Amino acid sequence: MRCAWLLRRAAAAAGGVGMAGAITAQTISLCRSSDKQAIEAETGVIISNWSATHNASPKEYYSPDSVSAVDQVIQAMHAAGKRIRVIGSALSPNGLGLSDESMLGMALCDEVIHVDVAKKQVTVQAGARVKEVVEALRPHGLTLQNYASIAEQQIGGFLQVGAHGTGAAVPPVDEQVIRMKLHTPALGALELSLENNPKLFKLARVGLGALGVVSEVTIQCVEAHKLVQHTFTDTRAGVMSRHQHNLAHKHMRYMWIPYTDTVVVVTCDPVEEGAPPPSAPVDELRATEPMRELLLQKSPQTSASEASEMNFAQLRDALLALAPLDADHVRAVNKAEAAFWKRSEGYRVDWSDKILGFDCGGQQWVSEVVMPCGTVAESDGRELKYMLELLDLIEQKQLPAPAPIEQRWTSSSSSPMSPAHSPSPDDLHSWVGIIMYLPEEEVQREAITKTFWEYNAMCRDNLWSKYGAHQHWAKIELPESESERAWVKRRLRERFPIDEMRKAQAKLDPKHILVNPLVDEILREE
């Protein structure tokens with residue numbers, strides 16, 4: 001399983017790139033009254049997001065173990081006018097929570113505070129991980145309404161970046177939150193809900209960590225339920241003709257495979273009483289045979305026994321690492337992956353959290369956009385036109401684009417900073433993510449990074465404005481070109497209430513201590 005985040009101490013990584021020095025723990029005098037204990041900060045810490053595409057070396061790293069300690073740190077940093085950035089599991093591909101100033105990790109504030117079975121609600125501290133909350137709910141017959149793909153996410157980060165699962169009638173995860181406690185530099189701890197300061201509550205639900213530090217969250221749950229997952233393959237034309245039917249499933253996603261006519265369709269629905277048992281489990285050894293054969297053909301140094309011990313994701317990583325920027329090679333890998341999915345067709349039944357979470361693969365660059373596409377009752381079809389045009393661009397330009405290009409759906413969010421925000425709860429949104437995998441070899445990583453940003457720029461220049469697409473907050477990377485950078489920021493201001501965020505920031509964090517350079521530039525007045 002991929003590590004959710006990496007907190008690396010320099011002394012434990014001697015000889016590593018950028019790891020020189022030693023970690024120390026120092027007591028930072030943060031107390032303003034004698035009844036408060038001093039908070040200890042670590043120095044010499046290097047933090048990386050899970051793909052190691054972004055790193056930070058904060059001057060001080062705080063790990064408060066209580067809500068009062070969180071407030072204490074924030075108030076002291078506000079008084080000193082020093083920046084501090086809150087971080088969750090550091091899963092964001094763009095390193096949204098990283099900073100070379102001070103940082104505040106919420107991992108020790110991970111208590112599941114209360115489960116209200118009658119109201120189907122759970123109150124948790126923001127550092128609790130999704131998987132821990134799910135396990136705490138299980139004995140009570142409850143679960144979360146929806147999930148993003150990774151259960152290692154902390155609830156605070158899960159909320160603040162506008163994470164989402166899939167399901168045309170299911171909103172993004174911020175809509176599940178009905179109450180939150182927000183620690184602000186200027187006004188202290190605020191209790192926010194639809195009844196208590198609803199305007200700020202909705203704005204701060206997807207607040208990017210810029211309005212305050214979320215310490216507690218109350219989530220509306222649903223009854224625990226099992227899902228039957230159906231995985232099958234279709235053609236591009238078949239998906240076009242059956243799309244509305246596919247969207248009627250409770251949860252549904254597509255995985256498009258460039259340079260092939262294969263689209264993987266994954267649907268999930270509640271198990272009906274009396275339904276026949278699912279088909280026999282997929283024989284993974286048989287399913288991965290096309291990929292093993294290609295690996296043995298392309299990599300003579302790999303033995304058959306070594307290849308037989310690799311799972312699907314490992315085989316794909318090994319294959320792509322051989323020639324990640326050779327379009328012909330990537331096409332062959334994609335063709336083998338399409339064969340894998342055709343052999344993996346079938347049904348699976350399990351609890352919803354087990355079904356809706358899935359392995360995203362190894363280290364990678366990801367860019368994801370969301371676009372409006374009709375209503376929950378009926379898609380207007382633009383999201384499929386987007387996909388077909390994207391695939392045409394990839395194939396015309398011979399981009400070494402690996403699989404999958406994943407496409408998911410949600411209904412709208414009432415949080416103004418959500419990329420899926422809409423005043424109507426019946427509006428439909430589609431999320432599309434492009435990807436390139438990163439091997440360990442540094443020269444390859446640099447070359448892949450350059451190609452990936454060319455891939456992303458192709459999408460930005462040809463598709464985003466045309467289809468009204470905007471990036472997920474955890475995937476926004478501002479371009480280096482000043483003109484392109486200005487264009488991205490202008491579009492963000494057209495889509496999101498940046499002025500409203502700045503006004504709230506002026507009241508809650510007037511010294512702007514909670515932002516990092518990326519968030520500061522996005523919110524800064526031009």
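Predicted model: local features only at pLDDT ≥ 70, side-chain atom pairs only at ≥ 80, totals over all residues.
Q: Helices (H or I, at least four residues) and strands (E, at least two) are DSSP runs, numbered from the N terminus. In which loop is Ala 52 found?
A: Ala 52 sits in the loop that runs between strand S4 (45–48) and strand S5 (55–56). Residues are numbered from 1 along each chain as its sequence is written.

Q: What is phi of Ala 52 near?
A: For Ala 52, phi is near 55°, which is a positive value in a residue other than glycine. As for burial, the scale is relative accessible area with a 1.4 Å probe and protein chains only: buried is under 20%, exposed is over 50%, and partly exposed is in between. Ala 52 counts as partly exposed because its relative accessibility is 29%.

Q: Is Tyr 259 buried or exposed?
A: Tyr 259 has 15% relative accessibility and therefore counts as buried. Phi of Tyr 259 is also positive, near 70°, again in a residue other than glycine. The loop that holds Tyr 259 lies between strand S17 (251–256) and strand S18 (263–270).

Q: Which peptide bond is cis, with omega near -5°?
A: The bond from Ala 403 to Pro 404 is cis, and its omega is near -5°. Pro 404 belongs to the loop between helix H12 (382–397) and strand S21 (405–411). Pro 402 is found in the loop between H12 and S21 as well.

Q: Which residues does Pro 402 touch, not counting residues up to four places away in sequence?
A: Contact is defined as heavy atoms within 4.5 Å. With residues up to four places away in sequence set aside, Pro 402 touches Pro 258, Leu 320, Val 330, Asn 334, Ile 435, Met 436 and Tyr 437. Pro 402 is buried because its relative accessibility is 4%. Between the C-alpha atoms of Pro 402 and Ser 344 there are 19 Å, and the two residues are 58 residues apart along the chain.

Q: In helix H9 (residues 312–322), which residues are buried?
A: The buried residues of H9 are Phe 312, Ala 313, Leu 315, Arg 316, Leu 319 and Leu 320. These buried residues fall within an arc of 160° when seen down the axis of H9, so they line one face of the helix; the arc is taken from the directions of the C-beta atoms from the helix axis. As background, an α-helix has 3.6 residues a turn, so residues three or four places apart point the same way.

Q: What covers the buried residues of H9?
A: The cover includes helix H6 (284–287), helix H7 (289–298), helix H8 (304–308), helix H10 (327–343) and strand S22 (427–437). At the start of H9, a side-chain oxygen of Asn 311 comes to within 3.2 Å of the backbone nitrogen of Ala 313.

Q: What do the buried residues of H4 pack against?
A: In helix H4 (residues 198–205) the buried residues are Leu 200, Phe 201, Leu 203, Ala 204 and Arg 205. They pack against helix H3 (155–160), S12, S13 and helix H15 (498–508).

Q: Where is Pro 185 found?
A: Pro 185 is in the loop between strand S12 (177–184) and strand S13 (188–193). Its relative accessibility is 1%, so Pro 185 counts as buried. Apart from residues up to four places away in sequence, Pro 185 touches Ile 74, Gln 75, His 78, Leu 508, Asp 509, Ile 513 and Leu 514. Pro 185 and Leu 144 are 41 residues apart along the chain, with 31 Å between their C-alpha atoms.

Q: Which residues does Ser 418 touch, not counting residues up to four places away in sequence?
A: Ser 418 touches Pro 172, Asp 174, Val 206, Ser 413, Arg 495 and Phe 496 when residues up to four places away in sequence are not counted. Ser 418 is placed in the loop between S21 and S22, and it is buried, with a relative accessible area of 0%.

Q: The side chains of which residues are joined by a polar contact of 3.0 Å?
A: A polar contact is a pair of N or O atoms within 3.5 Å; within protein, one must be able to donate a hydrogen and the other to accept it, and residues adjacent in sequence count only if both atoms are side-chain atoms. Here the side chains of Lys 489 and Glu 521 are joined by such a contact, of 3.0 Å. Lys 489 is in helix H14 and is buried, with a relative accessible area of 10%. Beyond its neighbours within four places in sequence, Lys 489 is in contact with Leu 478, Glu 521 and Glu 526.

Notes
Heavy atoms only, no water.
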